[in-house]
Amino acid sequence: MTKLDLKALITAVADKVAAHAEELTALDQAIGDGDHGLNMKRGFEAVRADADQIAAKPLPEALKAIGTKLVMTVGGASGPLFGTMFLALGKELPAELDRAGFATAFGKAIEAVAARGKSEVGQKTMLDVLYPVQATMAAGASGVEIVAAADAAAEKTVPMKASRGRASFLGDRSIDHMDPGARSVALLVRAVVETAGE
Ligand code: ADP
Ligand code: MG
Ligand code: MG
């Protein structure tokens, strides 16, 4: 995490979301309203369109700009939540950025998402991947281990019964499907690790 190429990161994340948009939509068709792939793609394409201006900013300001863009463009329940995550991360980042400091700031950003969503771990949402990823990061795991933790955590949402978001309207019928937002977080984590490496 020494030298971050923000433009490369934005490009990698937008590419990853675009490549998996149909998959995310299919997951949301099963337990939601089928727009999650489109929502995420719209948001990250808007971020990509501004990548040069965003990448020219200091990292905290860049993260806030990404968060603002996502709030404005993703829509749905997930837009304000993903937006909050980047906004809060920008606010919480320490001046002296190292892995431990990043993990602590990321933890605070996740708390902000939980507060915004009035949600907690175990409700079959994006939080069910965010928390384990943060814990793995805080424990000093490698990039490969962090990606594995994210994928495993998304997989663990399959048997869960949703109690937040649209999927909660389905009750027991939300069981046996992966949460779309959880899958999105796993994809974002993979794109970041593939680009930023360790
Ligand atoms: P919508 O449900 O409004 O159509 P999306 O389809 O874009 O929005 O996003 C759905 C995802 O948002 C869910 O899969 C879940 O991960 C996440 N989500 C929804 N509500 C909450 C909440 N209250 N807290 C955390 N995550 C949530
Ligand atoms: Mg939806
Ligand atoms: Mg919707």
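Okay, housekeeping. This is a predicted model, so local features need pLDDT of at least 70 and side-chain atom pairs count only at pLDDT 80 or more, while totals for chains, interfaces and linings use all residues. Residues are numbered from 1 along each chain as its sequence is written, and chains are lettered from A and ligands numbered from 1 in the order in which they are written.

When I say helix, I mean a DSSP run of H or I with at least four residues; strands would be E runs of at least two, and the numbering goes from the N terminus.

Let's begin with α2, residues 21–31, and α3, residues 36–49. Their axes are 6 Å apart, and the packing angle is about 140°. The axes here are lines fitted to C-alpha atoms, for helices over the stretch in contact, and the angles run from 0 to 180 degrees between N-to-C directions. That makes α2 oblique to α3. The cut-offs go like this: under 35 degrees is roughly parallel, over 145 roughly antiparallel, 65 to 115 roughly perpendicular, and the rest oblique.

Who's touching whom? On the α2 side we have A21, E22, E23, L24, T25, L27 and D28, and on the α3 side H36, G37, L38, M40 and K41. Contact means that the C-beta atoms, placed from the backbone, lie within 7 Å. Sort those residues by class and you get five nonpolar, three polar and four charged. For the classes, Ala, Val, Leu, Ile, Met, Phe, Trp, Tyr, Cys and Pro count as nonpolar, Asp, Glu, Lys and Arg as charged, and the others, Gly among them, as polar.

Next pair: α5, residues 59–73, and α6, residues 78–92. These axes come within 7 Å and cross at roughly 170°. So α5 is roughly antiparallel to α6. The crossing is left-handed, meaning the near helix is turned anticlockwise from the far one by less than a right angle; clockwise would be right-handed. From α5, the contact takes in P60, E61, L63, K64, I66, G67, T68, L70 and V71, and they meet G79, P80, F82, G83, T84, F86, L87, L89 and G90 of α6.

α7 contributes A103, F106, G107, I110, V113 and A114, and α8 contributes L127, L130, Y131, Q134, M137 and A138. By class, this contact has ten nonpolar residues, two polar and no charged ones.

While you're on α7, click on A109, which lies in that helix. Is A109 buried or exposed? A109 is buried, with 24 other C-beta atoms within 10 Å. The rule is 20 or more for buried, 12 or fewer for exposed, and partly exposed in between, again with C-beta atoms placed from the backbone. Leaving out neighbours within four places in sequence, A109 is in contact with M85, A88, L89 and E92. A109 and A88 are 21 residues apart in sequence, yet 4.8 Å apart C-alpha to C-alpha.

On to the core. In soluble globular proteins, nonpolar side chains tend to be buried together. Here, the largest nonpolar core has 50 residues, and L89, V129, V133, A150 and V185 have the most contacts inside it. A nonpolar core is a set of buried Ala, Val, Leu, Ile, Met, Phe, Trp, Tyr and Cys residues joined through C-beta atoms within 7 Å. Beyond four places in sequence, V185 is in contact with M126, V129, L130 and A150.

Most residues other than glycine have a negative phi. K118, not a glycine, has a positive phi of about 45°, and K118 sits in the loop between α7 (99–117) and α8 (127–138). K118 is exposed, with 8 other C-beta atoms within 10 Å. D176 also has a positive phi, near 80°, in the loop between α9 (143–156) and α10 (180–196). D176 counts as exposed, with 12 C-beta neighbours inside 10 Å.

That's my tour, thanks.

Key: Two residues are in contact if their C-beta atoms, placed from the backbone, lie within 7 Å.
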